[in-house]
Amino acid sequence: MSARNPGTKFDLEHISKVRVNTQAVLKRAQHIQGQKIPTKQWQAAWLLKAVTCIDLTTLAGDDTPSNIHRLCLKAIQPVEHNLLKKMDMQDKVTTAAVCVYPSRVADAAILLEAANSNIPVASVATGFPAGQTPLETRLQEVRMAVADGATEIDIVINRTLALTGQWEAMFDEICQFRMACGNAHMKTILAVGELGTFTNVYKASMVAMMAGSDFIKTSTGKEAVNATYSVAIVMARAIRSYYLSTGYKVGFKPAGGIRTAQEALVWLTLIKEELGNDWLCPHLFRLGASSLLTDIERQIYHHVTGHYAAYNELPMA
Ligand SMILES: O=C[C@H](O)COP(=O)(O)O
């Protein structure tokens, strides 16, 4: 991770002045989508970069110790060794983190320690996904996840406070979550699909960063609308503006519904264009995804071998 963001004082004047130009954002998003993604010869390398930025996630009601173990083993070796060798990759490639519910943190932490891996365990918390539980319960959840071994905490904001314009109250809550995180890095999920306007998304991004978030994250993956390119542009502009005024680089994590290698390439392009190369690393960019890796593996296999035979699938006669 880069230097921790210590946060700033709550700046009501700055927050009240924010007005986002929706048309300009939509136009920019269209432009990014129409951009040429990396040429074929570079795509395997870009896809490998995407793998190293994935928070490999399972957030399901039927999660058990065994599927958490499988998730961790996949995070330790996300791409087959032979393929890496063919790409002249000597380094170990792992995903950036695993991301699980608080009750499953210990399962992941114990397995990763036994496997001698330092892949961080990220835990969602604070009443994920809706955040509609009492503040004390939400704080307690953060403390328990940290005690069980999570070194990254993905908190959800209180959308009620955002939608009723109580930005300072939201700032105060996030500051308390930050305290409860201790040394763990804090990613703040805005649940953009429930914030109504781009202006609210920008304001929520700013408040989250002022309160000391190390990352801002689009979505829980459980809202009807999750990570979109237009919302990402709004959040990236807020990150850039916060960096210019404080000198601190806050990370960005799109999450929810990201399933294909092609989308991963667009996300990397967007970050490169909006925030620059510094952000193209796991310290400042994560892809939150439960089912993206399979397609990336398939595409890497295709690029390396020249075949489109379905990787990890039975060959057709
Ligand atoms: O935080 C990560 C998201 O919950 C993952 O969403 P997804 O299951 O749609 O990939």
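Is Tyr229 buried or exposed? Tyr229 is buried, at a relative accessible area of 14%. Here, buried means under 20% relative accessible area, exposed means over 50%, and partly exposed lies in between (1.4 Å probe, protein chains only). The model is predicted: local features need pLDDT of at least 70, side-chain atom pairs count only at pLDDT 80 or more, and totals for chains, interfaces and linings use all residues. Residues are numbered from 1 along each chain as its sequence is written, and side-chain values use heavy atoms, with hydrogens and water left out.

The aromatic residues come next. The structure holds 5 aromatic pairs. Rings of Phe, Tyr and Trp (its six-membered ring) pair if their centres lie within 6.5 Å; planes under 30 degrees apart count as stacked, over 60 as edge-to-face and the rest as tilted. One of the pairs joins Tyr229 and Trp267. The ring centres are 4.8 Å apart and the planes stand at 55°, so this pair is tilted. It links distant parts of the chain, 38 residues apart. Tyr229 sits in helix α11 (residues 229-246), and Trp267 in helix α12 (residues 261-275). Helices (H or I, at least four residues) and strands (E, at least two) are DSSP runs, numbered from the N terminus.

Trp267 is buried, with a relative accessible area of 1%. Trp267 also forms a tilted aromatic pair with Phe252, at 6.3 Å centre to centre and 45° between the planes. This pair too links distant parts of the chain: Phe252 lies in strand β7 (residues 251-253), 15 residues from Trp267 in helix α12. Both Phe252 and Trp267 are buried. Tyr229, Phe252 and Trp267 form one aromatic cluster.

A nonpolar core is a set of buried Ala, Val, Leu, Ile, Met, Phe, Trp, Tyr and Cys residues joined through side-chain atoms within 4.5 Å. The largest such core has 98 residues. Those with the most contacts inside it are Ile153, Met170, Trp267, Leu287 and Ile296. Helix α11 supplies the largest share of this core, 10 residues. A second, separate core has 7 residues, among them Leu59, Phe128, Val156 and Ile189. Ile153 touches Ser123, Ala125, Val142, Ala145, Val146, Cys181, Ala184, His185, Met186 and Lys187, not counting residues up to four places away in sequence. Contact means heavy atoms within 4.5 Å.

The ligand is surrounded by residues that include Thr57, Leu59, Lys217, Thr220, Gly221, Gly257, Arg259 and Ser290. A residue counts as near a molecule or strand if one of its heavy atoms lies within 4 Å of it. A polar backbone atom of Thr220 is 2.6 Å from an oxygen atom of the ligand. For Gly257, a backbone N or O atom lies 2.8 Å from a ligand oxygen. For Arg259, an N or O atom in the side chain is 3.3 Å from an oxygen atom of the ligand. The protein covers 91% of the 310 Å² of accessible area that the ligand has on its own. Accessible areas come from the Shrake-Rupley method with a 1.4 Å probe; for residues, only the protein chains shown count as cover.

Two asparagines follow. Asn5 lies in the segment before α1 (12-17). Asn5 counts as buried, at 1% relative accessibility. Its side chain reaches the backbone nitrogen of Gly7 at 2.9 Å. Beyond four places in sequence, Asn5 touches Arg178, Met209, Gly212, Ser213, Asp214, Tyr242, Tyr248 and Val250. Asn67 lies in helix α4 (residues 65-76). Asn67 is buried, with a relative accessible area of 18%. It touches Thr58 and Asp62, not counting residues up to four places away in sequence.

Other positions are partly exposed. Arg240 lies in helix α11. Its relative accessibility is 34%, so Arg240 counts as partly exposed. Leaving aside neighbours within four places in sequence, Arg240 is in contact with Glu274 and Leu275. Gly182 lies in the loop between α9 (167-181) and β5 (185-189). At 42% relative accessibility, Gly182 counts as partly exposed. The C-alpha atoms of Gly182 and Thr151, 31 residues apart along the chain, are 9.3 Å from each other.

How values were computed
A polar contact is a pair of N or O atoms within 3.5 Å; within protein, one must be able to donate a hydrogen and the other to accept it, and residues adjacent in sequence count only if both atoms are side-chain atoms.
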